[in-house]
Amino acid sequence: MAAYIVKRFFASILTMFVLVTITFFLMHAVPGGPFSPAEERKVPKSVMEKMEEKFGLNEPLSVQYVNYLKSILQGDLGFSFKQSDVTVNELISQGFPVSAKVGLIAIIIALIIGMLLGITSAIKRGKWADWLSMIVATIGISIPNFVMTVLMLFLFAVVLKLLPTYGLSSWKHYILPVIGLAFGPIAYIARLMRSSMLEVMRQDYILTARAKGVPEYRVIFKHALKNAMIPIVTYLGPLVAALLTGSFIVERVFSIPGIGRDFVTGISDRDYSVILGLTVFLGLFIIIANFIVDILYAIIDRRVKIEE
């Protein structure tokens, strides 16, 4: 186990290095810069030079890259180019709790509803419950997240006026964003659970348990469900990282002050430090989530061994 953790640690460092390097040079390869709007407003050249000097943009690209790597190693993700005296670390500390709260609620709902739909569909295969569950799953997979979000906003907030349109000031404000985040994952989890349950239910140990007269609910929830969870755990790793670190579309549409909205704002403003800092944070979160998934494999299925 220790050797595995060490290998994964160094592999994670290499992954983060490649991620930072690619993102850094891609950002600087795109035409324009963070102060391009200032150029369009005919800002004096001396002012532009001072702005670039303040953020080190007058240095050669290789020097900027090395300086950024040094700052990352010190835990400093830099200052925002557009928000005066605001660091990327402050943006993350302010936005991540908001994104994580909404995302965690969405994950719990997606797991509960998705697994129930999948289990029901597998147990009632070929019956109306199976068809209904798969219709919901197909709709969730087919309709893009941004389309579903806008449709729900228009129907429940604009037409019916039942729910608020933006912010998180009350429990009602969470309903639409959470549904928008959870609807797609519910569909994927339902389909994964159904196919996995159908495969597990055909295994010899399940047939043996039934032949011995074990009650059906024990066969399903004690013997079949545990092994059927493996594909769900695989999907759960990137899902947790994606939802807890904010959704670009949902946070933008509902004006949620999370890091997803900050990321979109950073892209539109060409705020290099914000884009790079949030990319590093998201990449680190995904790496940690996938590592936890690997550990959970060994816990859920004893046949899975972590290689030294």
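Visitor: In which helix is the place of L104?

Guide: The model is a predicted one. L104 belongs to a nonpolar surface patch of about 570 Å², together with I105, I108, I109, I112, I113 and L116. The place of L104 is in residues 88–123, that is, in helix 5.

Visitor: Is L104 buried, partly exposed or exposed?

Guide: Buried requires under 20% relative accessible area and exposed requires over 50%. L104 has a relative accessibility of 46%, so it counts as partly exposed.

Visitor: What are the helix content and the distance between the end C-alpha atoms over residues 102–123?

Guide: UniProt, in an unreviewed entry, lists residues 102–123 under the feature "transmembrane region". In the model the chain there is 0% strand and 100% helix, with the end C-alpha atoms 32 Å apart.

Visitor: Which class describes the ring pair of F281 and F285?

Guide: A pair of aromatic rings is described by the distance of the centres and the angle of the planes. The count of aromatic pairs comes to eight. For F281 and F285 the centres are 6.0 Å apart and the planes stand at 50°, so the pair is tilted.

Visitor: How far apart along helix 14 are F281 and F285, in helical turns?

Guide: Helix 14 covers residues 272–300, and F281 and F285 are four residues apart in it. Because of that spacing, the separation of F281 and F285 is about one helical turn.

Visitor: Which residues form an aromatic cluster?

Guide: Rings of Phe, Tyr and Trp pair if their centres lie within 6.5 Å. One aromatic cluster is formed by F24, F25, Y65 and Y68.

Visitor: Within what arc do the buried residues of helix 13 fall?

Guide: In helix 13 (residues 259–269), the buried residues are I259, G260, D262, F263 and G266. They line one face of the helix, because, seen down the axis of helix 13, they fall within an arc of 160°.

Visitor: Is K161 buried or exposed?

Guide: K161 is found in the loop between helix 7 (145–159) and helix 8 (172–201). Although K161 is not a glycine, its phi is positive, about 55°. Its relative accessible area is 63%, so K161 is exposed.

Visitor: Where is S255 found?

Guide: S255, a residue other than glycine, has a positive phi near 50°. At 33% relative accessibility, S255 is partly exposed. S255 is found in the loop between helix 12 (248–253) and helix 13.

Definitions and conventions
Residues numbered from 1 in each chain as written. Predicted model: local features only at pLDDT ≥ 70, side-chain atom pairs only at ≥ 80, totals over all residues. Heavy atoms only, no water. Patch = residues over 30% accessible without salt bridge, like charges linked within 9 Å, V, L, I, M, F, W, Y side chains within 5 Å. Areas by Shrake-Rupley, 256 points an atom, 1.4 Å probe, with all protein chains shown as cover. Salt bridge = Lys/Arg side-chain N within 4 Å of Asp/Glu carboxyl O. Helix = DSSP H or I, 4+ residues; strand = E, 2+ residues; numbered from the N terminus. Buried < 20%, exposed > 50% of the residue type's maximum accessible area, 1.4 Å probe, protein only. Phe/Tyr/Trp six-rings, centres within 6.5 Å; stacked < 30°, edge-to-face > 60°. UniProt positions renumbered as here; feature names shortened; annotations may be inferred. Arc of directions from axis to C-beta.
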